[in-house]
Amino acid sequence: MPCTYKQIDNIAGLTSLIELYKEVFELPELRVPGEIHIQSLIANKAIIFLAAYSEGKVIGGLTAYVLPSVYSEKHEMYLYDLAVLTDHQRQGVGRNLLEELKERARVLDVSEIYVQADIADNGALAFYRATGGIEEDVRHFGYPI
C-alpha cells in the first residue's frame with residue numbers, strides 16, 4: 001500500500017500522531033494534551049513532526065527536536081519518538097520516515113541526528129542498526145521534577 005510522508009501542520013494530524021504513539025508504545029493512561037498546547041507545539045519551528053499516511057490515515061510518525069550547538073554553528077537533532085502501527089511495520093515506513101527526517105536535517109544544517117533506545121527494546125535496536133545508526137555505549141539519567 002503506497003504511503004505519503006509529510007510534516008504535520010495541524011491539530012488533527014498531531015492528535016492522530018499522539019494517538020498512534022499511545023497505541024504503539026502501549027501507553028493507555030496517556031491523555032492527549034489540549035488544542036492550545038498542541039497548536040503551540042506545531043508553531044514551534046524547533047520541533048519536527050513527520051507522519052506517514054496511507055489512505056488518509058496516520059500509520060507512522062516521528063517527533064524530532066532541532067538543538068543549537070555550543071560546539072559548532074551547525075545544529076544537532078534529537079529523534080525523540082518514531083513509531084509505526086504494527087500492521088505496517090517491516091514495510092519500509094520507519095526507514096522512509098527516517099530518510100525524510102535526514103532530508104529536513106540537511107536543509108536545517110544539522111550535523112548529526114541522535115536517538116536513544118532502551119537496551120531491552122530489541123526491535124528498536126535492530127531498526128537503528130539496520131538503518132546505519134552508529135551505536136554508542138552511554139547511560140541516560142533522568143531527574144523527575
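A nonpolar core here is a set of buried Ala, Val, Leu, Ile, Met, Phe, Trp, Tyr and Cys residues joined through side-chain atoms within 4.5 Å, where buried means under 20% relative accessible area with a 1.4 Å probe and protein chains only. The model is predicted, so local features need pLDDT of at least 70 and side-chain atom pairs pLDDT 80 or more, while totals for chains, interfaces and linings use all residues. Residues are numbered from 1 along each chain as its sequence is written, and side-chain values use heavy atoms, leaving out hydrogens and water.

**View 1. The largest nonpolar core has 34 residues.** L14, L62, M77 and L101 touch the most other members. Elements giving two or more residues to this core are α1 (11–24), α2 (35–43), β2 (47–54), β3, β4, α3 and α4 (122–130); helices (H or I, at least four residues) and strands (E, at least two) are DSSP runs, numbered from the N terminus.

View 2. Across the strands, L62 stands opposite L82 in β4.

**View 3. Strand β4 (residues 75–84) is mostly covered.** Seven of its 10 residues are buried. Strand β3 (residues 57–67) runs antiparallel to β4, joined by eight bridges; strands count as paired if DSSP finds at least two bridges between them. With strand β5 (residues 110–115), β4 pairs in the parallel sense over five bridges, and M77 stands opposite I113 in β5.

Definitions and conventions
Buried < 20%, exposed > 50% of the residue type's maximum accessible area, 1.4 Å probe, protein only.
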